Amino acid sequence: ALLFQKNVPIARKLGFPDVIMPGDLRNDLYVTLVKGEYQRDGKKSQKNVEAEVCVIGENGKVVLDCICPGVSAEKTSLYKGVVTYHSNYPVWEDVVKFDMPFDFFYTSHLRFTFFHRSVDPGKGMRHGFSLAFAPLMQKDGTTLRDNQ
């Protein structure tokens, strides 16, 4: 008997085979959101940190449906990490997969936004406190290198 009968999603291997066949296009970009280090900013307690990642196109708008949250899941435009409770040194280790046409790499960049999430409804739910970006294509025509 088969262990799986049907409707089993098939994931492509992370990485590339020894031989790449002509016509096999892979525009996958894997980015690992590792960790952050933040200050208290004069507050008594540490922050509840939430991270968001998206792709911004040449027109300054979010590129739609280019983030793959998992096998057989529908693509999305925004990745949201888990909220770390009272930690100025959150660790995520989340791997985010981006899939978009190759020409988008030349004109787009990744935007990382970090928010403090309040547990007190009277203070508002979240407040942005940090922003970072990374271009998808370097001047020499290569994509982001590992550990950048």
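Glu50 and Arg117 form a salt bridge (a side-chain nitrogen of Lys or Arg within 4 Å of a carboxyl oxygen of Asp or Glu), and their closest N and O atoms are 3.1 Å apart. The model is predicted, so local features need pLDDT of at least 70 and side-chain atom pairs count only at pLDDT 80 or more, while totals for chains, interfaces and linings use all residues. Residues are numbered from 1 along each chain as its sequence is written, and side-chain values use heavy atoms, with hydrogens and water left out. Searching the whole structure gives three salt bridges.

**Glu50 and Arg117**
- Glu50 is in strand E2 (residues 49-56) and Arg117 is in strand E6 (residues 109-117), so this pair ties together parts 67 residues apart in sequence. Strands (E, at least two residues) and helices (H or I, at least four) are DSSP runs, numbered from the N terminus.
- Glu50 is buried, at 4% relative accessible area, and Arg117 is partly exposed, at 22%. Buried means under 20% relative accessible area, exposed over 50%, and partly exposed in between (1.4 Å probe, protein chains only).

**Lys80 and Glu52**
- Lys80 and Glu52 meet through their side chains in a salt bridge of 3.7 Å, N to O.
- Lys80 belongs to strand E4 (residues 79-80) and Glu52 to strand E2, so the pair ties together parts 28 residues apart in sequence.
- Lys80 is partly exposed at 47% relative accessibility, whereas Glu52 is buried at 7%.

**Lys75 and Asp99**
- A salt bridge also joins the side chains of Lys75 and Asp99 (3.1 Å, N to O).
- Lys75 sits in the loop between strand E3 (67-68) and E4, and Asp99 in strand E5 (residues 91-99), so parts 24 residues apart in sequence are tied together.
- Lys75 is partly exposed at 37% relative accessibility, and Asp99 is partly exposed at 24%.
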